[in-house]
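Thank you all for coming; I would like to walk you through one model, taking its parts in turn. Please have a look at it first.

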Amino acid sequence: NKKLGFFKKLFIFGTTRSVLANCLGMLVATFILLWLSFALLKCYTNHSEYYTVPDYTNMTMDDIAKEARKSKFKLVVHDSFYMKERPLGIVLSQNPLANDQAKKGRIVYLTVNKEVKPEKYIPLRIYGLETERAISSLRSARFNHKIIKEVIDEKVPGTVVEVYYNGKRIQSLEDSIPTIATVWDTIGLVVAVEHDAGPVQIPDLVCLQYNQALFKLRSGHNLMLGNVTVDASVTDTMSAYIVAQFPPYQPGVFMQMGDPVDLRLSQSPPSNCGTENPNDIGNTPNLSPDSEGRW
């Protein structure tokens with residue numbers, strides 16, 4: 001009917017049974033498609049499903065292999081290095097941390113202690129070096145040291161004349177092939193001194209800087225530097241402070257010339273050090289190494 005208006009024609013067309021059925025069918029189809037899309041997306045991303053990350057530290061690699069079979073997370077060894085204080089082959093750290101919340105399938109990166117102790121060549125160029133330089137060279141190469149003997153030699157006093165490892169003398173670099181040792185093993189040193197040993201007052205080294213303590217040991221008391229332990233704060237050994245010594249300073253107590261004095265260093269001086277003359281402090285903290293030389 002040409003007399004009907006456009007909108008009235010459109011209304012009549014839209015309200016026919018076939019058009020309404022088609023529109024309803026399209027709405028239902030659209031709803032189903034949207035529901036399926038959200039369901040699949042949720043399944044793919046594990047939306048809103050978080051799990052607590054277990055604590056894997058101190059586990060062995062065998063434990064980790066068993067745990068990986070049933071874990072909701074993927075366990076990956078990301079890095080490894082050697083810490084002598086910890087058992088070989090255990091997990092040292094993890095990322096994400098224990099008790100963090102993470103989605104299923106998240107990768108947990110593990111850092112483990114090496115399963116085999118690393119080895120290095122002993123730096124045999126320490127033959128003939130001044131004792132302090134030889135000790136510094138050993139420490140840089142990640143070896144401990146111990147002065148096992150002193151010999152009188154007026155020509156080269158204060159230098160390393162022999163090197164021992166596992167009770168066996170190591171020849172100098174010119175006489176022998178390099179010797180391999182496990183890192184942080186103890187290297188024995190035989191050092192030269194100028195004269196026979198005699199009793200000297202134990203010096204008070206606490207509150208002195210390391211370079212001052214070395215001068216006082218060598219020049220003022222004819223004593224040797226023993227084991228040196230540094231804490232985590234030390235960034236520059238020579239400017240670090242002595243926070244403990246063994247044997248400790250006690251007025252009237254003597255030791256033999258040439259005997260070693262063990263030192264413990266920190267980048268900051270002890271709290272009881274005076275500001276004008278730190279070495280006037282006469283009381284050494286009651287700290288001493290154990291039977292294995294650890295403080």
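Predicted model: local features only at pLDDT ≥ 70, side-chain atom pairs only at ≥ 80, totals over all residues.

Is Val28 buried, partly exposed or exposed? Val28 is partly exposed, with a relative accessible area of 43%, where buried means under 20%, exposed means over 50%, and partly exposed is in between, with a 1.4 Å probe and protein chains only.

Residues are numbered from 1 along each chain as its sequence is written, and side-chain values use heavy atoms, with hydrogens and water left out.

Val28 lies in helix α2, residues 17-45; helices here are DSSP runs of H or I with at least four residues, strands are runs of E with at least two, and both are numbered from the N terminus. Together with Leu24, Leu27, Phe31, Ile32, Trp35 and Leu36, Val28 makes a nonpolar surface patch of about 760 Å². Such a patch is made of residues with over 30% relative accessible area and no salt bridge, nonpolar side chains (Val, Leu, Ile, Met, Phe, Trp, Tyr) being joined within 5 Å and like charges within 9 Å, and the areas come from the Shrake-Rupley method with a 1.4 Å probe, where for residues only the protein chains shown count as cover.

Let me turn to helix α4, residues 131-140, in which Thr131, Glu132, Ala134, Ile135 and Leu138 are buried. These residues cover an arc of only 160° around the axis, which puts them on the same side of α4; the arc is that of the directions from the helix axis to the C-beta atoms. Arg133 and Ser140, on the other side of α4, are exposed, and the helix is followed by Arg142, whose phi is positive, near 70°.

Next comes an open sheet of 3 strands, in the order β2-β5-β3 and with mixed pairing, where two strands pair if DSSP finds at least two bridges between them. β2 (74-81) and β3 (91-95) stand at the edges with a single partner strand each, so one side of each is left without a neighbour in the sheet. β2 and β5 (residues 107-113) run parallel and are joined by 7 bridges, and Ser80 stands opposite Val112 in β5.

Finally, Glu162 and Arg169 meet through their side chains in a salt bridge, at 3.8 Å from N to O, the term meaning a side-chain nitrogen of Lys or Arg within 4 Å of a carboxyl oxygen of Asp or Glu. Glu162 is partly exposed at 24% relative accessible area, and Arg169 is partly exposed at 31%.
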